[in-house]
Amino acid sequence: MKKKLLAVFLFSATTMLCAQTLQTSNKYFEVGNFKEVHNPAWGVTDDPWCINDHTFIYDKKKKKWHVIGITHARKMDYIKDPGLNLLHISADSLFQTPWEIHPHALTADFKKYKESVLWAPYCVHHKGKYYMYVCAGSQGGAHVHDSYQMNLYISKNLKNWERYKQNPLFVDGFDARDPMIIRDGNQWIMYYTANSTPMGGNHVIAAYVSKDLLHWSDRKIVFVHSRKGTFGGPTESPFVVRRGDKYYMFLCDGGHTDVYISNDPLQFEQANLIAEINDCRASELIKDKEGNYYISSAGWFDGTYGLKIAPFIWKDGLDNEINSLNP
């Protein structure tokens with residue numbers, strides 16, 4: 001029966017992809033065309049905004065998808081709003097258009113909590129609680145880039161978020177941001193983008209590990225890119241997926257996403273670049289309850305400014321192995 005269900009899924013997934021032009025195809029995976037499912041600017045003529053780095057969460061009890069992400073004016077204006085609010089939308093299905101709009105999940109409060117921005121959230125559900133990790137900027141102000149703080153916010157219902165009393169979890173630079181977390185064995189690994197020195201240098205991915213999602217230690221550089229600079233760069237929005245003994249790391253580089261492969265979750269090499277996904281940024285991989293995979297894209301560089309989703313089909317033969325990605 002399992003073989004029959006698997007065959008049906010593979011047939012339907014392949015049919016779905018064949019019905020459209022493949023955007024990316026290699027021996028590891030295939031990506032179909034992106035469809036825009038939500039745009040904060042739809043129906044807005046005055047002051048349209050966009051969605052940027054985001055996180056997908058599936059509420060199993062209510063069977064709803066949620067997205068929380070950066071929102072700001074379509075033309076980024078740091079004086080007007082450097083990213084002070086986290087947008088919150090939900091839907092019954094991934095391709096619902098548009099998604100339901102909720103009040104902002106969080107708003108930065110510099111006066112009370114020293115939050116100068118709220119950037120690039122990532123949410124984990126564990127033991128009945130949602131743990132959301134967010135770059136909250138520098139406690140010294142938005143432009144003190146060598147001391148960006150990583151904060152934790154906790155909720156039981158995805159509506160009301162409490163600030164963790166021991167924030168910040170850590171500080172780093174240049175602009176330590178874009179956290180992403182996987183569970184690997186008996187530990188959690190948090191990946192984030194940074195630089196080889198707090199004032200700049202090579203663009204890198206750094207990582208911390210934790211046993212309880214609250215206390216993080218053993219900072220390690222897990223990826224170094226040859227390109228140097230400060231803001232932006234080729235190591236934004238890391239997303240790591242484990243499949244068997246392979247780890248895939250998706251990194252945003254401007255308007256496209258690079259994919260690297262490794263056998264070690266704490267060591268990736270630039271030489272092991274296996275794919276480039278065009279017109280894709282700040283992406284997350286999504287797995288629904290039926291076992292279908294998708295990849296998202298959002299941002300304000302490609303002219304759409306909304307949230308887009310595309311079919312994603314693995315071809316590495318590791319579907320039945322240990323997998324870090326679940327709904």
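**Entry 1: a loop residue.** I began with Ala271, which sits in the loop between strand S19 (256-262) and strand S20 (273-277). The model I am reading is a predicted one. Ala271 counts as exposed because its relative accessibility is 70%, and the cut-off for exposed is over 50%.

**Entry 2: a strand residue.** Next I took Ser297, in strand S22 (residues 293-297). Is Ser297 buried or exposed? Ser297 has 0% relative accessibility and therefore counts as buried. A polar atom of the Ser297 side chain lies 3.1 Å from the backbone nitrogen of Arg281. Setting aside neighbours within four places in sequence, I listed the contacts of Ser297; among them are Phe34, His54, Asp279, Cys280 and Arg281. Gly306, Leu307 and Lys308 are also in contact with Ser297.

**Entry 3: the cavity.** I then searched for cavities of 30 Å³ or more and found one. Strand S4 (49-59), strand S8 (119-126), strand S13 (177-184) and strand S17 (236-243) each give two or more residues to the lining. By class I noted eight nonpolar, three polar and three charged lining residues.

**Entry 4: positive phi.** Ala120, in strand S8, has phi near 50°. Ala120 is buried, with a relative accessible area of 4%. Asp178, in strand S13, has phi near 60°. Asp178 is buried as well, with a relative accessible area of 5%.

**Entry 5: cis peptides.** Most peptide bonds are trans. I recorded a cis bond between Asn167 and Pro168, with omega about -5°. Pro168 belongs to the loop between strand S11 (162-163) and strand S12 (170-172). Another cis bond joins Gly173 and Phe174, with omega about 0°. Phe174 is in the loop between S12 and S13.

**Entry 6: nonpolar cores.** The largest nonpolar core has 65 residues, and Phe29, Tyr191, Phe250 and Ile295 touch the most other members. A second, separate core has 16 residues, including Ile51, Leu87, Ile89 and Ile286. I followed up Phe29: beyond four places in sequence, its contacts include Val259, Ile274, Ile277, Phe312 and Trp314.

Terms used:
Residues numbered from 1 in each chain as written. Predicted model: local features only at pLDDT ≥ 70, side-chain atom pairs only at ≥ 80, totals over all residues. Heavy atoms only, no water. 1 Å grid on protein atoms, 1.4 Å probe; cavity = no way out; pocket = protein on both sides within 12 Å on 5 of 7 lines; lining within 4 Å. Points joined across faces, edges and corners; volume = space filled by probe spheres on them. Helix = DSSP H or I, 4+ residues; strand = E, 2+ residues; numbered from the N terminus. Nonpolar A, V, L, I, M, F, W, Y, C, P; charged D, E, K, R; others polar. Buried < 20%, exposed > 50% of the residue type's maximum accessible area, 1.4 Å probe, protein only. Polar contact = N/O pair within 3.5 Å; in protein donor to acceptor, adjacent residues only side chain to side chain. Contact = heavy atoms within 4.5 Å. Core = buried A, V, L, I, M, F, W, Y, C linked by side-chain atoms within 4.5 Å.
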